[in-house]
Amino acid sequence: MTKKNKTKKNKTKNNKTKNNKTKTKDISYYNKVPQLLEVNGYKLLILPRKSKVTLVECMLFGGYYFEKKETSGISHLLEHVLTDAWKKCKLKSCSVFWEKYGVKSNAHTSISTNRYWIKGMSAFFDNMLEYIVETMINPKFTESDVKREKNAVENELNQYLNKPSWKLHDKVCKELHTVEGMQYANDEQQQLNILKTITKKKLLVHFNEFYTKNNMLFIISTGLDKEKIIRKFKSLTNKEKKVPACSFKIAKSGCFQNNKKIVYISEPQAKNTDICICFPLELYINEKYYYHLDMVSSIVSGDLTSLILSVLRKKLNLVYGASCFSITNMCGTVVYISVSTLDKNIKKVIENIFEICKLYSKKIISTNKLLQVKRKYKMGIYQANLNSVKSVRNFYANQFLYQLNNKDRKVVTLNEKIKKVSSLTKEKTRQIIKKIFDTKNCLIVYQGKKKIQFDMNKI
Ligand SMILES: [Zn+2]
């Protein structure tokens with residue numbers, strides 16, 4: 001039931017490097033990319049694992065992406081309601097129904113997706129599958145269910161609004177995107193206003209329009225027999241849905257405003273000034289450079305030896321920490337640099353960050369730096385439990401979802417990904433830094449007591 005839409009990344013740490021060919025050659029989930037099945041028009045991805053645990057999930061394009069200002073937050077409330085919308089738990093709540101089974105389940109709404117999942121012992125597979133499929137294609141809920149979840153969501157939104165940082169996240173969304181729903185994804189104040197007006201009828205309209213065969217991906221990771229899974233899934237999805245495809249177009253580009261600008265948010269009570277620098281890019285999942293985004297981000301700002309922190313913290317004593325991370329969805333990629341500093345140092349910090357990025361667009365990084373990131377990724381691979389149903393899901397879910405309706409999907413195996421990631425060189429790093437930190441579409445948002453004069457033409 002979490003609302004995951006902050007400028008934060010769901011990292012899957014499976015995409016690591018390989019230095020020693022003989023040792024990591026065979027690290028992979030499968031030799032070949034698993035096949036995406038179509039059963040009764042629904043997309044189904046089966047990810048076999050040698051495990052007694054089963055994970056059943058439905059992931060969909062959706063979230064705030066399909067909303068308008070007047071419906072902002074409706075998909076989040078719907079997410080709450082749907083997790084309890086299975087007819088078998090109607091006499092009590094679904095959490096009470098599932099209590100004795102010892103399962104884990106949750107749902108999430110993000111700027112571009114919704115996710116519903118349940119994980120438990122494979123002995124309860126039939127019920128778990130029925131729960132996910134039924135709530136996704138044939139939910140049963142009442143006006144009083146809606147009322148109850150509105151209270152939960154109201155508390156959740158108020159919790160976000162209690163932290164002043166919501167204004168920064170909100171401004172970033174408003175200034176970065178062109179899609180109205182994405183612009184309001186972090187506007188909890190607007191969502192709170194809309195929440196009061198949402199009825200069961202409105203939720204059903206939204207459900208019927210956006211929970212369609214066109215944008216849903218069912219994922220099952222399990223040790224159970226594949227044929228049995230398909231048979232069961234087929235019988236559950238036999239009921240034809242009224243709307244086969246959503247009326248909204250899932251855009252591949254044009255989600256970003258691409259304006260070079262700096263925006264100030266006044267926060268008279270703030271102690272430090274928080275700065276978020278955003279670089280929107282037309283870089284899609286599994287395209288050239290995509291595999292290196294995580295590594296290059298950590299080279300730019302990760303630990304104390306990273307390019308930014310070695311200067312801003314170690315040399316100039318201007319900051320405590322700084323993070324650099326990227327988020328990729330159907331719109332492309334946004335690379336974020338997030339940092340906090342004393343009011344008197346805002347300008348110095350911003351100028352230094354751009355100087356560092358400019359410098360390493362020309363200069364190559366040290367051999368030690370490249371070895372460091374490669375070895376860290378390699379260590380991550382050795383630590384990962386590749387047999388877990390969650391790790392295989394994390395590896396494949398986004399690869400398939402963001403290319404769901406593409407005829408020629410570019411999906412890779414873990415082994416292929418390791419090869420691509422480990423092909424990073426000093427020269428390639430320089431090229432990627434040059435591409436990512438191109439200032440022509442750069443957006444800076446900062447929040448604090450002090451407004452600065454900053455000429456964007458100088459960066
Ligand atoms: Zn929630």
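Predicted model: local features only at pLDDT ≥ 70, side-chain atom pairs only at ≥ 80, totals over all residues.
Me: What makes up the two domains of the protein chain, and what separates their centres?

Reply: The domain assignment gives domain 1 as residues 35–236 and domain 2 as residues 261–458, and the centres of domain 1 and domain 2, taken over C-alpha atoms, are 29 Å apart. The contact between them draws on 30 residues from domain 1 and 25 residues from domain 2.

Me: Which element gives the most to the side of domain 1 that touches domain 2?

Reply: That is α6, which gives 7 residues. The elements that each supply at least two residues of this side are β3 (42–48), β4 (53–61), β6 (113–121), α6 (165–176) and β7 (216–222). Sorted by class, the side of domain 1 that touches domain 2 holds 13 nonpolar, 9 polar and 8 charged residues.

Me: What makes α11 and α17 roughly perpendicular to each other?

Reply: Here α11 packs against helix α17 (residues 426–436) at an angle of about 85°, again with the axes 10 Å apart. Roughly perpendicular covers angles from 65 to 115 degrees, and because the angle of about 85° lies within that range, α11 and α17 are roughly perpendicular to each other. In this contact Val296, Ile299 and Val300 of α11 meet Thr429, Ile432, Ile433 and Ile436 of α17, and by class there are 6 nonpolar, 1 polar and no charged residues.

Me: How do you know whether Tyr446 is buried or exposed?

Reply: Tyr446, whose place is in strand β12 (residues 443–448), has 26 other C-beta atoms within 10 Å. A residue counts as buried with 20 or more, so Tyr446 is buried. Leaving aside residues up to four places away in sequence, Tyr446 touches Tyr264, Thr273, Asp274, Ile275 and Ile346. The C-alpha atoms of Tyr446 and Thr273 are separated by 6.7 Å, although the two residues are 173 apart along the chain.

Me: What is the phi of Asn286, and why does this residue count as partly exposed?

Reply: Asn286, in the loop between β9 (273–281) and α11, has a positive phi of about 65° although it is not a glycine. Most residues other than glycine have a negative phi.

Me: How do you know whether Asn317 is buried or exposed?

Reply: Asn317 has 9 C-beta neighbours inside 10 Å, and since a residue counts as exposed with 12 or fewer, the conclusion is that Asn317 is exposed. Asn317 lies in the loop between α12 (307–315) and β10 (319–329), and it has a positive phi of about 55° although it is not a glycine.

Technical notes
Residues numbered from 1 in each chain as written. Helix = DSSP H or I, 4+ residues; strand = E, 2+ residues; numbered from the N terminus. Contact = placed C-beta atoms within 7 Å. Domains from an automatic or database assignment. Nonpolar A, V, L, I, M, F, W, Y, C, P; charged D, E, K, R; others polar. Axes fitted to C-alpha atoms, helices over the stretch in contact; angles between N-to-C directions. Parallel < 35°, antiparallel > 145°, perpendicular 65-115°, else oblique.
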